[in-house]
Amino acid sequence: MAKDYGSGKISYALTNTSGATLHVLRWQTPVGGMTGRLFEVTRNGEKVDYVGPMFKRAEPTAADYVELKAGETLATEIDLTAYYDMRAGGQFEVRYARDARDVVKEVNATAKSGVSAGYLDFDRKGVATIYVDAAVDAFDDVDFKAGAGVRAATNSFVGCTTTRQNQIASARTGATSYANNSKSYLTAGTQGSRYTWWFGAYNSSRYTTARNHFNSIHSALSSQPFTFRCDCNDSAYAYVYPNQPYTVYLCNAFWSAPATGTDSKAGTIVHETSHFNVVAGTDDWAYGQSAAHSLATSNPSRAVDNADSHEYFAENTPARN
């Protein structure tokens, strides 16, 4: 990453220094735009809020990877002020918040076989310092303030047919039921395979985090006014802006998803609700059941911060105790 004094722009470059062709998961890079919290940005040691979109996607397929031949570089320039709340100005420290296993398909395969992935030079230690003028104001203030009004578990819709409005209402009801069941499980202190499968080995701190998350998810779904938008044409299921509760953008995959069960409409609402900063502020470390379970085994701390892990715990299909 390179620094650009006077703006929020950085240069991102990923070079394949191995002798073989690698495949890079497009979502885990800013090439083509940011669809998740890919960087850790701090100002004076304090975390800067991510205000860009966060998507729920299906488990990646071959089409989601970019081929990177030996010696090739994947590069782009990105303006972080469009995705992080950098309006206050000052000196910012930026770190890429992904490692090789998140980004490169072959590293995952190598890791599973127990062979070291040392052939890949993937530097997470580089730090970019960015100076942003205090006058920079890339956002409208309304994006950062919750509107005043009466709290009620109402649904409002933008660009949704009557049929879709009914599907959404049913999905929210199902999501509320999922969240309530999850909350009850965790409030009871149950430490069965349902918990360990999705969130990893028991640890009191992580368990408390998961419980607090579902308390907040259920509270939001059962008491807050949600706005659902049907004008997304992306292949994903849905996305939200974490600093804009409670607006959910529903995309193509959502409409073909089952009402309940794995990767369902109801589960998608749980996933997206968990992303809101005022709820749980979850990230997207892994997509799909297989990757989410692997994350619970390899990195439980990330699992309790992963939106799909929350969704699959809530959907509980196949059922675990």
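This is a predicted model: local features need pLDDT of at least 70, side-chain atom pairs count only at pLDDT 80 or more; totals for chains, interfaces and linings use all residues.

User: In what order do the five strands of the open sheet lie?

Analyst: Helices (H or I, at least four residues) and strands (E, at least two) are DSSP runs numbered from the N terminus, and two strands pair if DSSP finds at least two bridges between them. The edge strands, each pairing on one side only, are strand 5 (54-56) and strand 10 (155-158). The pairing in this open sheet is mixed, and the order of its five strands is 5-12-13-11-10.

User: Do strand 11 and strand 13 pair in the parallel or antiparallel sense?

Analyst: Strands of a sheet pair through backbone hydrogen bonds, either parallel or antiparallel. Thr227 stands opposite Thr247 in strand 13. Strand 11 (residues 226-229) and strand 13 (residues 247-250) are joined over three bridges, and the sense of their pairing is parallel.

User: Which strands does helix 7 touch?

Analyst: Contact means heavy atoms within 4.5 Å, and angles run from 0 to 180 degrees between N-to-C directions, with axes being lines fitted to C-alpha atoms, for helices over the stretch in contact. Helix 3 (residues 162-187) lies across strand 10, strand 11 and strand 13, at about 140° to strand 10. Helix 7 (residues 265-275) also packs on the sheet, its direction making about 160° with that of strand 5, and it touches strand 5, strand 11, strand 12 (238-240) and strand 13.

User: How are helix 3 and helix 10 placed relative to each other?

Analyst: Their axes are 8 Å apart and the packing angle is about 90°. Tyr178, Ser182, Tyr185 and Leu186 of helix 3 make the contact with Phe313, Ala314 and Glu315 of helix 10. Angles under 35 degrees count as roughly parallel, over 145 as roughly antiparallel, 65 to 115 as roughly perpendicular and the rest as oblique. Helix 3 and helix 10 are therefore roughly perpendicular.

User: Which residues of helix 10 meet helix 5?

Analyst: Helix 5 (residues 204-223) and helix 10 (residues 307-315) pack at about 75° with axes 12 Å apart, and are therefore roughly perpendicular to each other. From helix 5, His213, Phe214 and Ile217 take part, and they meet His310, Phe313 and Ala314 in helix 10.

User: What is the volume of the largest cavity?

Analyst: On a 1 Å grid over the protein atoms alone, a cavity is a set of points where a 1.4 Å probe fits but cannot get out, and lining residues have an atom within 4 Å of a point. Grid points are joined across faces, edges and corners, and a volume is the space filled by probe spheres set on the points. The lining includes Trp27, Arg98 and Asp283, and the volume of the largest cavity is about 60 Å³.

Definitions and conventions
Residues are numbered from 1 along each chain as its sequence is written. Side-chain values use heavy atoms; hydrogens and water are left out. On a 1 Å grid over the protein atoms alone, a cavity is a set of points where a 1.4 Å probe fits but cannot get out, and a pocket is an open set with protein on both sides within 12 Å along at least five of seven lines; lining residues have an atom within 4 Å of a point.
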